[in-house]
Amino acid sequence: MQATMTYSSRALATAIAGLGLALSSGCATSPGDRAGNQVDKIAAPISTGATADAIYVGGEIVTINDAQPIVEALAIKDGRILAVGTRADVEKAHLGASSKLVDLGGATLLPGFIDGHSHYFNSLLVANQCKLYAPPSGPAKDVDSIIAALKKFAEDRKTPKGDLIVGYGYDDTAMPNGRLLNRDDLDKAFPDNPVRIDHVSMHGAVMNSLALKKYGYSAATETPPGGVIVRKPGTNEPYGLVMETAYLPVLNQSESMTRAQEIEWTKAGQMLYAEAGVTTANEGATHLSQLEAMKRATDAGANVIDVVALPFITDLDKSLEVFPLSTWGKYDKRLKIGGVKITIDGSPQGRTAFFTRPYLTGGPGGEKDWRGELSFPQDTVNQMVAKVYGMGVPLFLHANGDAGIDAFFKAHEFAAAGDLTKDRHVTMIHAQFTRKDQIPTYLKYKIRPSYYTLHSYYFAEAHIKNRGKDQAAYLSPMRDSIDAGLHPTNHTDFVVAPLDQMFMLWSAVNRISRGGEEVGIDQRITPLEGLKSMTLWGAEQYGEEASKGSLEAGKLADLVVLDRNPLKVNAKDIKDIRVVETIKEGKTIYRNGDTR
Ligand SMILES: [Zn+2]
């Protein structure tokens, strides 16, 4: 069983990664030397008396610069910040006849958010799919509400008969009374269209009869090792849900985009980020075909935000043939190849993350004494890490379980032998089940954790069941990491969790589960620390802190306007703060028409 599982989950991880639905990885860069990566846009000197293009006043301006935390006015010119300070000083020095004076009307201005880790490429796809997250992030509170949302989606778009309808974000664990979505529900509502509802894990989907047929599933389809095909009770008929290795036929038949769609969907996908206040997005595990599509859309001028792409290790050689190392580490029309992504283990809720102690619930295939496993053997991980270090580019690696993290430390000790403490711009993506004793090693080896505090909301109950209360309470230990001197980032892992930066901040500050339970409240952080983890420390992660992450003269005018100040509202209300406007290099790319 164990051997089969090893093979199957590896095959699945590889296939998923290959289709851009990858697990995660990232690329990291740290402050200080930025060899191999950086090509930060260094601020051009601006004469002190220059006339501003615009001056923002009339609201709180949160700079994320400890030397000058809140200011009254911010002046911009040519897409950069010209000055920050008191309104009197800034207007006196920079307000001219041509300057626009922007009244924030009591709203709060902050640096644009920097995405610690997400799957940007998937945003192109989901921009054309029906959002079916469970509340509060979406409408899917039960089967009826899923059907209602899908019907409205298809009607709004006038979807023709026969066209595939796709939804995303379906979470079976959030369905009330165990009443799950099935094939019959979808058949009744959509007799003439194939319908596929992707599971929130991105490792499966619920389909109707036409979609099951389209992808080749029938009563005769055997369930492969490591896979799940739910059957209609009393029959061998697939009942809708297909997961893990049984889902590979769907991944392998993913529709490709036309050239026109690449551009159109890029704009739609980037708008999802802009709506969330994100001005720098992460493509957290990029396959060559995706990178090529991103490059074509980039060259066609589709980008409005910056995107950091991280070629996936299994595609690295192929990617280097098309995108030689000399082109890495710098933005070209808002796209940057920022490092390499390696995946080390799986997910804790899927019981594929690698732990030193067994899962309390066994393995996903019923294995006993199951600790999860590495995605690749240790020797292979060692060689992969050595290769990336040899390239001198940032390394982003996905590890969730404490044994996965230990395995990376071993790989580091192999690949960095002789100079273990040099800053190689390494980010550990997720790092969710970091042990307390591993935090000093992050510090020593200069590894930046990028945590995933949204799990305290979405998956706490599953983690308690699988790992026990103590270990679940210590997930994503932001407090201990910051106290130790680390600058962790935080991330949504979109599309696995919704792209909602205020909800992410709320989860880091409150650590409350979906069931209303407190989850390791000793690891709560302050709203300011939470904001740093999504601005300044995010900029550091990509080696871009000279130009991004705080509001200081000379940095890019990447800004977000929020309807309320996260530092001042009740911590419980942070999730209700709305993005009013998003500005990239001085230009408004999103404005919420209702609010201003
Ligand atoms: Zn991810």
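User: In this predicted model, which helix holds Gln501?

Analyst: The model is predicted. Gln501 falls in the helix spanning residues 501–510. That helix is α18.

User: Is Gln501 buried or exposed?

Analyst: Buried means under 20% relative accessible area. Gln501 has a relative accessibility of 3%. Gln501 is therefore buried.

User: Which residues does Gln501 touch, not counting residues up to four places away in sequence?

Analyst: Contact here means heavy atoms within 4.5 Å. Residues up to four places away in sequence are not counted. The contacts of Gln501 are then Phe113, Ala276, Val278, Thr492 and Met534.

User: Turn to Ile70. Is Ile70 buried, partly exposed or exposed?

Analyst: Ile70 lies in strand β3, residues 70–71. Ile70 has 40%, so the class is partly exposed.

User: What is the area of the nonpolar surface patch that includes Ile70?

Analyst: Patch residues need over 30% relative accessible area. Ile70 has 40%. Ile70, Leu528 and Leu567 make the patch, and its area is about 200 Å².

User: Which residues of β1 point the other way from Ala54 and Tyr56?

Analyst: Strand β1 covers residues 54–57, and all four side chains named for it are buried. Ala54 and Tyr56 point one way. Pointing the other way are Ile55 and Val57.

User: Which strands stand at the edges of the six-stranded open sheet?

Analyst: The sheet has mixed pairing and the order β9-β10-β11-β12-β14-β13. An edge strand here has a single partner, so one side is left without a neighbour in the sheet. The edge strands are β9 (130–131) and β13 (227–231).

User: In β14, what is the bridge partner of Arg231?

Analyst: β13 pairs with β14, residues 238–244, in the antiparallel sense. Four bridges join the two strands. The partner of Arg231 is Pro238.

User: At what angle does α4 run to β10?

Analyst: Helix α4, residues 143–156, lies across β9, β10 and β11. The angle is taken between N-to-C directions. For α4 and β10 (165–170), the angle is about 140°.

Methods:
Residues are numbered from 1 along each chain as its sequence is written. This is a predicted model: local features need pLDDT of at least 70, side-chain atom pairs count only at pLDDT 80 or more; totals for chains, interfaces and linings use all residues. Side-chain values use heavy atoms; hydrogens and water are left out. Patches are made of residues with over 30% relative accessible area and no salt bridge: like charges are joined within 9 Å, nonpolar side chains (Val, Leu, Ile, Met, Phe, Trp, Tyr) within 5 Å. Accessible areas come from the Shrake-Rupley method with a 1.4 Å probe; for residues, only the protein chains shown count as cover. A salt bridge is a side-chain nitrogen of Lys or Arg within 4 Å of a carboxyl oxygen of Asp or Glu. Buried means under 20% relative accessible area, exposed over 50%, partly exposed in between (1.4 Å probe, protein chains only). Two strands pair if DSSP finds at least two bridges between them. Axes are lines fitted to C-alpha atoms, for helices over the stretch in contact, and angles run from 0 to 180 degrees between N-to-C directions.
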